[in-house]
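Subject: Structure handover

Hello,

Here is the structure for your files. My notes on it follow below.

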Amino acid sequence: MPEPNQKKTQLPLCYSPVTLDNGWYAVSTVPYLQQSREITFLHTHEYCEFGICLEGAGVFLVGPKILPFQRGDCMFIATGEPHLATSLQNTVSRWRWLYLDETRLLDREPALADLARFKGPDFRNCFSGERSVICSLIREMFSCALGGGVPFQKQKMTALLTLFSIEMHRGCCSCGQGTESAAIQRIHFALNEMLSRYGEDISIERLASACSLSSNQFRRVFAKATGSSPQTYLNNLRITMAASMLLRTDLTIAEIAFRCGFPTLSCFNRQFRIMKGTSPGKFRTGRS
């Protein structure tokens with residue numbers, strides 16, 4: 001961890017350009033392999049982005065949000081929203097990505113073309129297979145894009161994107177209309193440290209110093225950016241990662257508790273029940 005007097009206290013933001021085929025879409029014909037790695041920067045694109053997780057599990061860092069993903073989940077990331085992903089430790093996940101120029105495809109419906117509103121701290125970019133309407137539309141978009149130059153391909157994609165936008169604007173998903181604030185930028189380093197080192201003993205005071213803030217200032221800025229205290233955010237991250245390990249690995253519950261930073265098994269069981277409403281063992285077997 002950097003010393004408190006280091007100047008660099010936020011995650012670098014990089015622009016990653018995308019070239020669109022025929023000026024309106026680009027799709028990954030070969031699945032992208034998402035490695036397990038420390039997130040050291042975030043990137044943005046000039047077009048909206050859709051994703052499907054074909055295999056594996058991990059987390060997405062989208063601005064200040066830490067969003068778990070697993071096989072079958074779909075992603076939507078609005079134009080300009082900072083993001084990056086990592087797979088669970090020592091694993092690889094497979095993704096397909098689709099980029100669309102929504103303003104060009106929906107030029108006759110400017111209200112529906114406003115997909116940039118679907119981002120910010122209150123919008124959950126990841127949709128599970130249970131969200132059948134949204135996930136079905138995203139999968140149909142991929143099918144259309146991978147179909148090559150079939151007749152009326154652009155018209156079909158326009159129709160699918162129109163339906164997607166309608167569902168989003170109808171309030172199918174909970175979303176916020178705000179953008180990243182200065183508060184989020186001030187705690188980027190802390191968010192990345194929590195994501196990278198959630199299994200270690202993390203000092204809130206040291207994170208505050210590394211962000212050039214006093215402990216009280218750090219707690220206020222953190223709450224403003226994420227809606228929760230640093231300790232609550234860290235506990236939720238640990239439980240989220242533990243839940244993924246319970247479903248995706250053969251590790252014992254005690255091993256998972258230790259790997260996710262809990263000092264004792266009883267502490268882990270108590271925190272897991274508070275967040276998930278059931279015990280780790282019942283969660284793993286699918287029993288309530």
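A residue is called buried under 20% relative accessible area, exposed over 50% and partly exposed in between, using a 1.4 Å probe and protein chains only. At 34% relative accessibility, Cys14 therefore counts as partly exposed.

This is a predicted model, in which local features need pLDDT of at least 70 and side-chain atom pairs count only at pLDDT 80 or more, while totals for chains, interfaces and linings use all residues. Residues are numbered from 1 along each chain as its sequence is written, and side-chain values use heavy atoms, with hydrogens and water left out.

Overall, the protein has 11 helices and 11 strands; these are DSSP runs (helices H or I, at least four residues; strands E, at least two), numbered from the N terminus. Of its 288 residues, 48% are buried. Taking contact as heavy atoms within 4.5 Å, 75% of the contacts with a separation of 6 or more are between residues 24 or more positions apart.

Back to Cys14, which is found in strand 1. Leaving aside neighbours within four places in sequence, Cys14 is in contact with Phe41, Leu42, His43 and Thr44. Cys14 and His83 are 69 residues apart in sequence, with their C-alpha atoms 9.8 Å apart.

Leu20 lies in the loop between strand 1 (13-15) and strand 2 (25-27). Leu20 has a relative accessible area of 13%, so it is buried. Not counting residues up to four places away in sequence, Leu20 touches Tyr25, Ala26, Tyr47, Tyr99 and Asp101. Of these, Tyr99 is 79 residues from Leu20 in sequence and 7.5 Å from it in space, C-alpha to C-alpha.

Glu167, in helix 3 (residues 153-169), is buried too, because its relative accessible area is 18%. The Glu167 side chain makes a polar contact with the side chain of Arg170 at 3.2 Å. A polar contact is a pair of N or O atoms within 3.5 Å; within protein, one must be able to donate a hydrogen and the other to accept it, and residues adjacent in sequence count only if both atoms are side-chain atoms.

Regards
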